[in-house]
Amino acid sequence: MAEDPNKRRLTFQGKRTTWITSVTLSDLLELKVNFPQAPLVMGNTEVGPRIKFEDEFYPVFITPLGLPELYFVDSTDNGVTIGAGYSLAQLNDALGSIVSEQPKEKTKTYRALLKHLRTLAGPQIRNMATLGGHVVSRPNYSDLNPILAAGNAIINLISKGKRRSFRFCMCFYFQWHFVSGMRLAQCQENAFAIVNAGMSVKFEDGTDTIKDLQMFYGSVGPTVVSASQTCKQLIGRQWDDQMLSDACRLVLDEIYIPPAAEGGMVEYRRTLIISLLFKFYLKVRRGLNKMDPQKFPDIPEKFMSALEDFPIETPQGIQMFQCVDPRQPPQDPVGHPVMHQSAIKHATGEAVYIDDMPPIAQELFLAPVTSTRAHAKIISIDVSEALALPGVVDVITAEDVPGDNNPQEEILYAQNEVICVGQIICTVAADTHAHAKEAAKQVKITYEDIEPRIITIEQALEHNSFLTAERKIEQGNVEQAFKHVDQIIEGEVHVEGQEHFYMETQTILAIPKEEDKEMDFVATALNVPRSRIACHMRRAGGAFGGKASKPALLGAITAVAANKTGRPIRFILERGDDMLITAGRHPLLGKYKIGFMNNGVIKSADVEYYVNGGCTPDESELVVDIIVLKSENTYYIPNFRCRGRACKTNLPSNTAFRGFGFPQSTVVVEAYITAVASQCNLSPEEIREINMYKRISKTAYKDMFNPEPLRRCWKECLEKSSFYARKQAAEEFNKKNYWKKKGLSVIPMKFTVGIPYTYLNQAAALVHIYLDGSVLVIHGGCEFGQGLYTKMVQVASRELNIPSSYIHPYETSTVTVPNAVFTAASMGTDTNGKAVQNACQILMARLQPIIRKNPKGKWEDWVNHWWGSAFISLLISLLRGYQTNMDWEKEEGHAFPYYLYGVSCSEVEVDCLTGAHKLLRTDIFIDAAFSINPALDIGQVEGGFIQGMGLYTTEELKYSPEGVLYSRGTNDYKIPAVAEIPEEFYVTFVRSQNPIAIYSSKGLGEASMFLGSSVFFAIQDAVTAARRERGLTTSFTLNSPATPELIRMNCMDQLNTYLIWSIIWKVSVKQTNKNNLKYQVTGSHINRI
Ligand SMILES: Cc1cc2nc3c(=O)[nH]c(=O)nc-3n(C[C@H](O)[C@H](O)[C@H](O)COP(=O)(O)OP(=O)(O)OC[C@H]3O[C@@H](n4cnc5c(N)ncnc54)[C@H](O)[C@@H]3O)c2cc1C
């Protein structure tokens, strides 16, 4: 291709780096000679993260964008040649069109590539990442390289003097050739493979004699690994069971994953190596049968489903909610599904978050220096190198806190001692974020470890290390009742923690003497009266409890820095730091002893809960209170004892999180219900039904409630989801399929809204009516995206009888509404709504005389007249809120204002070979009473459910035994993505009464989180079906999250431990599996804390 002689190279010279854009191929080659170490920046999806997360530095970058030699597709009869500059999305399109045009037997490798191109990363990455960048960066988890290698792809290279273009040529064999790509990741999309493979086999024409065999595995070593020795030894063998048996043995010998391998999951990965090989074996057997059915028998019907991956479908759903009363005035928005007031701004990016605010004069950025030890004495802090770096203004330590460095037993800056990895020791203030970050790395801290270092709940129990005293609720005579039951079971369940993963990480902007964020700790830290601190908040990008207490600490840290430097400070935690420093949901260990009759009636329960609170109290006491109070869920157990305690460990302090412990502890309840069912030979739903509250009753702490809405949710969910028919269909499916199993579960919930402390149920509002008729509504609630401001506008609109367009919600601020309580526990609308309602009603009462004088007048006339009558047009209304009381001495009280019920039913399909699962359908019936805004409330219910599902299935926090958090970003921590949403998702609001709440509504923010556990128990049901078929005990404990690793290892079969696997084909499954019962899941890192 002729090069344009007029094109000129572009060079951009920065302070530290140079960026060169080559415009011709010869120029690019010349540049590569001059700067051999310079990366070619193509999609930048490999180079960019290396710079950002691994601190790599390149003085020169070369970008060859736009060179025609890198962007082409040349398809011939011998294969296809594709330019290295093609993005993976373009590669997908190109292969897609070739596959649609050419005969099937010619496109086997392309189809294998296309399958992986569907799930590799997400569309954004695939649009940017290039084929060349993918191959050259050789990630060990590469999804394409094993297939390219197995498909005999050729890489064409070019360098100066050797003129060849860089491209692949995919050659293919015809008829007797099979190629396949397989992968397993934590989620279907946007997750690196735990193990993947590309395999191809070529047979002597017309036979099943192996002529050529290629097996490549990803994620089992530092690069993609070839099982070449295994393949070599199998040449000439027949494609039969004995060959497979030998292949499994050989490949496990050849590919060694050391016990301390990065990423852990060693046994699981070894199992996957042979599970994927087994899948390939079946696929080829099936392929051979298709080619010559007489000569090559097909695989057993029961094994067919092992061949297919789960499809990625577009989810569908139906949402059912109330109609408003037809007599309601059309302008009254209450009860209508009104769009979130900032929805369009959220979607377009116009909604302003702190990071979007323009810089303030003299502003500095803050970067934290955190402890690398879990428990140690600080011997020295050397900041000299950091201070010497350009742009650095100051380093702030505990010494700089003018007031209290330890407010309410929390710690701003570590002093003398560190008590967890991730504890802030000091912060660096600099003119840019990059300078602050760079300098933070240069702060040298020396430590001396202190014993004991307590990381897990078990270690805390060993050392008697607790943050709180024990809480207890007891009714009946537990010990006595155990003597009169048919059976007793005991067990333990671990439910791991969860990261909040809000979209906007913790962000503070502190402006000295003018503005600050959280007040309590800021005032205490600076030693100034609270009235001198003004906190403003327009919105936060999600919180889920993570912004209940942590911003106060970080706000104080920022304020101290602003106070010391006298300059505005912007403190934005990067995702990894946010995950490390701010912690999240409390991991929980539940221990139970349950006494029951053979008919499934539970007579006695003794349950203990221990949560890992981390190193300081934070909200642990409240979490334990709530766990203990809600611990019976929907079941009446006449003799019931529940105890709870928060363990003190050397982990970052865990905090509030949607549901405050309820989502963890209630999994333990449903786990013992499932265990009782297994012992009684009844289904879990029968045990649920038998023991469920049926009429007006008292809880274990003697609070009266009416479970009528629960009964309705339960009945409707079973009926409308066709539960029993689908369960039968799943059983039929399971009989016909050995390697895939379906499971269903239906989980009931009794939830209490609010917090057992009256002072946290109050709220205040400030409403201004302006002379032009417009209205400003301010309250103490925070907008985290849940739509609180939108609902407050609806309330004001109804109360003032004016359209919503007249009303503007203003930011939350300590200046307008002081002493506000946190927006939490599903109470935001309840408390702030009543305060707004109250304020509006008082104003309307004052307006009444004017309205009476001019009843046909308009709102604007009345308001204008009001001014003339010297009425004040603003009002603060303080509402005391719900009265609750809980007497822990007597173990009784009215702990929460009201109850809310729900039931969810989920159906999953599990791949027993890999541990992957697919959520096929979820039905939720939830008691919403009367929803003020069904659009927002359904969003809360669906979002809560999905977040719960993440907690119970994919979200796995991994710590080292030394207390170092490994999972610090999206690579290692998987929140559910689109592919995880149920294929069919039905949400129904069940109508009930709630006279004590505004407009008879109910707070729906948190409850549905726990309903996500229906996915967990559906998985357990599917795994139970697999175990039953394999002759294994069905009484087994599934800990949360039910990751692919746990699912696969609990399914257990001959491949797990690699025994005489081929017996599966010939001998009764039950007999052989009896040998296999002793499997233990092991890993090189701690998952259960
Ligand atoms: C969020 C995320 C998710 C991902 N998920 C997956 C996944 O699920 N599965 C998977 O397999 N991969 C995954 N990846 C990896 C991704 O496929 C690679 O990052 C990508 O293919 C690299 O291509 P690039 O064009 O961005 O390379 P760049 O970052 O631009 O370059 C990478 C390297 O390749 C060199 N290079 C680039 N082009 C050429 C060329 N033409 N000739 C010579 N050298 C060249 C550069 O010098 C550089 O060293 C993921 C990446 C990200 C960021």
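Glycine 915 takes a positive phi near 90° in the hairpin of E37 and E38, which has five residues between the strands. Strands (E, at least two residues) and helices (H or I, at least four) are DSSP runs, numbered from the N terminus. This is a predicted model, where local features need pLDDT of at least 70, side-chain atom pairs count only at pLDDT 80 or more, and totals for chains, interfaces and linings use all residues. Residues are numbered from 1 along each chain as its sequence is written, and side-chain values use heavy atoms, without hydrogens and water.

**Strand E37**

E37 pairs with two strands, both antiparallel. Pairing takes at least two DSSP bridges. Glutamate 909 is the bridge partner of lysine 742. Serine 904 stands opposite isoleucine 924 in E38.

| Partner of E37 | Residues | Bridges |
|---|---|---|
| E29 | 740-753 | 14 |
| E38 | 917-927 | nine |

**The ligand**

28 residues surround the ligand, and Met42, Gly43, Thr45, Thr130 and Asp143 are the closest. Surrounding residues have a heavy atom within 4 Å. H6 gives the largest share of this shell, five residues. A ligand oxygen lies 2.7 Å from a side-chain N or O atom of threonine 45. Taken alone, the ligand exposes 980 Å², of which the protein buries 88% (Shrake-Rupley areas, 1.4 Å probe).

Technical notes. A polar contact is a pair of N or O atoms within 3.5 Å; within protein, one must be able to donate a hydrogen and the other to accept it, and residues adjacent in sequence count only if both atoms are side-chain atoms.
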